[in-house]
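Please open the model in your viewer and keep the sequence panel at hand.

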Amino acid sequence: LAVDDGLRTGYHFQPPKHWINDPNGVMYYKGVYHLFYQYNPKGAVWGNIVWAHAVSTDLVDWIMLPPAIYPTAPFDVNGCWSGSATVLPDGTPVIMYTGIDGENRQVQNVAYPKDLSDPYLREWVKPDYNPVIAPGPGMNATAFRDPTTAWQGPDGLWRLVIGTKDNHRGLAVLYRSRDFKRWAPAKRALHSGDTGMWECPDFYPVTTSPAVGSGGGGSGNGTKHVLKVSLDLTRFEYYTFGEYDHATDTYVPDAALADGNDGLRYDYGNFYASKTFLDTAKQRRVLWGWANESDSATADIRKGWAGVQAIPRKIWLSSDGKQLVQWPVAEIESLRGAHANVTDTLVAGGSHFEVTGLASAAQADVEASFQVMDLDKAEPFDPAWRGADAQTVCAARGADARGGVGPFGLWALASDEHGERTAVFFRVFKGGDGGKHVVLMCNDPSMSSHADDLYKPTFAGFVDVDIAQTGGKIALRTLIDHSVVESFGAHGKTCILSRVYPTKAVGDKARLYVFNNGESDVKVTHLNAYEMRSAKITSDAVEPTKR
Ligand code: DQQ
């Protein structure tokens, strides 16, 4: 089957063909970034899962290697599911992943590099003593998976968390080990919530400084610990952060934060099964997440591929300590080419203009700053929406519903006459908590494609900014990549990734517009739209040793 090139990404990570899902075992080791990911080597739908492997020195260009972990033994004969890497103090990396055993139980296995002198760590050895963690009596053996990176407590013991459920209760269960081989369950789970299964937990320290210490553990000095879980019922991820007591292994989320469906999300769009790692080269924490397709399985089979990884994001705690902030790693800016610039341009209510001068806007990085000229025009926030999530509000007030302040923002991947367009925008209401304005950020793909059979929900998140204080200013960055529209509002406070499948706004036919569907005029104080070169994806020249 032909691979459909028109909608493949140019700088978002994708293998040449077939299905991918969760990022796994992400790490930095001796000058090389490793990305493993769930992969079906036989087709464009989920199945036959192995750990595919790619390496990079800059998180931009990738060398594809043969799968690193694939079924070989009774403890993983039915699949090698998600897991994490930990770099031990002696410098040895170890992977722990979920194996699906001969009885379809989910067990945790370790794997070590076969040859530490191979800079790419191509081959991994699974000791015979696997599995190292099996579901205990009374545990749900078909919902016990996705071990985190391990961390070492002051007592020298390793700890990690595994996702599971007990009926409807999602749990992050804790295990401890002295040698990474024998693991004992803690009496209490690290945390739990009434949300169904917790997949792909992640647990790590953050501070308000984007630069992190190389230790990666630590507490005190304003350090918070983040617990992120992926909810298989909604396919959304939620996080809390709070105090973690190393001595008692107790995690208490900050009181202002809600668990589960009412909680904060890394991304309010299509972004799942994410995982962070500590990048000791650049003293930052980096987040990887998977974005699946929004078309049908039939379409994926026809395309020959399914799934991409989001651009890796630096992640840290906002200066007010109320949420996490994310920003694309700076390295991707090396792909920026020719650019179009707009400065101090007024967009009257009800108007739009095209950002011209790009050979193609199908592969672009757009940084824009807007200024609302008359915040008094903001409509009141409907009391019926109190407590509703942003997606509900945005569904009621899409990009084409005229407003007082907004919707204003970008039409990405727009065709001639913008019959196809994906709207990324802000909308401002008055009457929020404490008299503040409510700022909503939305991604509305309802006009994104003339094709049928697409999943086209609006995605939305609230943006925690006091827009009156900023003089009506708000920033938007959008990474456009053929079938990806990945946006960062208010310098990374609210993020939304969306997958779209234009039929006309493809390749050099894709255009970019600024629009304003509100009553208040909006000024584009500045906008830079860069054409993006493609990342280099090469395959490993070295013949893998026969296995
Ligand atoms: N994907 C993996 C599981 C994980 C799920 C299987 C999340 O380990 O829970 O491919 O997308």
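Begin by selecting aspartate 76, which is buried because its relative accessibility is 0%; buried means under 20% relative accessible area, exposed over 50%, and partly exposed in between (1.4 Å probe, protein chains only). This is a predicted model, in which local features need pLDDT of at least 70 and side-chain atom pairs count only at pLDDT 80 or more, while totals for chains, interfaces and linings use all residues. Residues are numbered from 1 along each chain as its sequence is written, and side-chain values use heavy atoms, with hydrogens and water left out.

Aspartate 76 and lysine 126 form a salt bridge, with the closest N and O atoms 2.6 Å apart; the term denotes a side-chain nitrogen of Lys or Arg within 4 Å of a carboxyl oxygen of Asp or Glu. Aspartate 76 lies in the loop between strands S4 (62-69) and S5 (80-87) and lysine 126 in the loop between strands S8 (124-125) and S9 (144-145), so the pair ties together parts that are 50 residues apart in sequence. Strands (E, at least two residues) are DSSP runs, numbered from the N terminus. The structure holds 38 salt bridges.

Now select aspartate 254 and lysine 224, whose side chains meet in a salt bridge (3.1 Å, N to O). Aspartate 254 lies in the loop between strands S18 (250-253) and S19 (272-279) and lysine 224 in strand S16 (residues 224-231), so this pair ties together parts that are 30 residues apart in sequence. Are these two residues buried or exposed? Both aspartate 254 and lysine 224 are buried.

Remain with S16 and display its sheet. Four strands form an open sheet in the order S15-S16-S17-S18, with antiparallel pairing; two strands pair if DSSP finds at least two bridges between them. The edge strands, S15 (198-206) and S18, each pair on one side only. S15 and S16 pair in the antiparallel sense over seven bridges.

Move on to glutamate 354 and arginine 511, whose side chains meet in a salt bridge (2.9 Å, N to O). Glutamate 354 is in strand S26 (residues 351-354) and arginine 511 in strand S36 (residues 511-516), 157 residues apart. Glutamate 354 counts as partly exposed at 26% relative accessibility, and arginine 511 is partly exposed at 28%.

Finally, select Glu293, Asp295, Asp300, Lys303 and Arg499 together: a network of salt bridges links them.
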